[in-house]
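The exercises below go with the structure shown next. Try each task on the model before reading its solution.

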Amino acid sequence: MTYTTESASTFSSTRFDSSTQFADAVPATIALFKRLSVDDQLALLWYAYTEMGRSITPAAPGAARLQLAEGLLNQIKAMSHAEQLQVMRDLAANRNTAISRAYGVLSANTKLAFWYELSVLMERGIVVPMPPGYRPSPAVTEVLEAIKSLDFGQQITVLRNAVIDMGVDPLAD
């Protein structure tokens, strides 16, 4: 069975279990992620990095190329918290901005490492942190639980696919 965004809506009320096939679990989880609002997508990424540990970035073979994203990260660090949040929203919403275009040319693994670094900067308060007392929406909790139920390789694939389409590819038509 192939899952689409439409078929994921019927699938979303069912938790993943051992009968879920590998080939179906990843696209179904990505479809659930893409149905989230922009703010919920950002919250999910933060929770994924903080709750699932820091093993995500070492697993990304291109993470060593994070220096390619250092300029973007430095620009974001120099902004006010309100501006930082807007940049993250612009990336997730594919808004055509200078930062979104610069992000768009990064490799998939560098994008994965970029979001990891943002979560570290958020924890340190350098980048706008999660609001005190923030509780994830039921939709975020559902997708996070779906990701947690996957094996490590599937988790990385889902997170990589979640961030790869963010931003704007300035080289696309």
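**Exercise 1: Asn94**

N94 is partly exposed, with a relative accessible area of 37%. The model is a predicted one.

Task: Locate N94 and state which backbone feature it has although it is not a glycine.

Solution. 
1. Check the exposure class: buried means under 20% relative accessible area and exposed means over 50%. At 37%, N94 therefore counts as partly exposed.
2. Read the backbone: the phi of N94 is positive, about 60°, although N94 is not a glycine.

**Exercise 2: Overall make-up**

Task: Work out how many helices and strands the protein has, and what percentage of its residues is buried.

Solution. 
1. Count the elements: there are ten helices and zero strands. Read from the N terminus, the order is α-α-α-α-α-α-α-α-α-α.
2. Take burial: of the 173 residues, 47% are buried.
3. Take the surface: the accessible area comes to about 8400 Å², and carbon and sulfur atoms account for 54% of it.
4. Take the contacts: among those between residues at least 6 apart in sequence, 78% join residues at least 24 apart.

**Exercise 3: Aromatic pairs around Phe114**

Task: Classify the ring pairs Y103–F114 and F114–W115.

Solution. 
1. Start with the total: the protein has six aromatic pairs.
2. Take Y103 and F114: their ring centres are 5.3 Å apart and their planes stand at 65°, so this pair is edge-to-face.
3. Elsewhere, W46, Y47 and Y134 form one aromatic cluster.

**Exercise 4: The largest pocket**

Task: Describe the lining of the largest pocket by position, by element and by residue class.

Solution. 
1. Volume: the largest pocket has about 280 Å³.
2. Position: 19 residues line the largest pocket, and L42, A43, L85, M122 and M130 lie nearest its centre.
3. Elements: α3 (38-51), α6 (81-92) and α8 (108-123) each give two or more residues to this lining. The largest share, seven residues, comes from α3.
4. Class: the lining has 15 nonpolar residues, one polar residue and three charged residues.

Definitions and conventions: Residues are numbered from 1 along each chain as its sequence is written. This is a predicted model: local features need pLDDT of at least 70, side-chain atom pairs count only at pLDDT 80 or more; totals for chains, interfaces and linings use all residues. Side-chain values use heavy atoms; hydrogens and water are left out. On a 1 Å grid over the protein atoms alone, a cavity is a set of points where a 1.4 Å probe fits but cannot get out, and a pocket is an open set with protein on both sides within 12 Å along at least five of seven lines; lining residues have an atom within 4 Å of a point. Grid points are joined across faces, edges and corners, and a volume is the space filled by probe spheres set on the points. Helices (H or I, at least four residues) and strands (E, at least two) are DSSP runs, numbered from the N terminus. Ala, Val, Leu, Ile, Met, Phe, Trp, Tyr, Cys and Pro count as nonpolar, Asp, Glu, Lys and Arg as charged, and the others, Gly among them, as polar. Buried means under 20% relative accessible area, exposed over 50%, partly exposed in between (1.4 Å probe, protein chains only). Contact means heavy atoms within 4.5 Å. Accessible areas come from the Shrake-Rupley method with a 1.4 Å probe; for residues, only the protein chains shown count as cover. Rings of Phe, Tyr and Trp (its six-membered ring) pair if their centres lie within 6.5 Å; planes under 30 degrees apart count as stacked, over 60 as edge-to-face and the rest as tilted.
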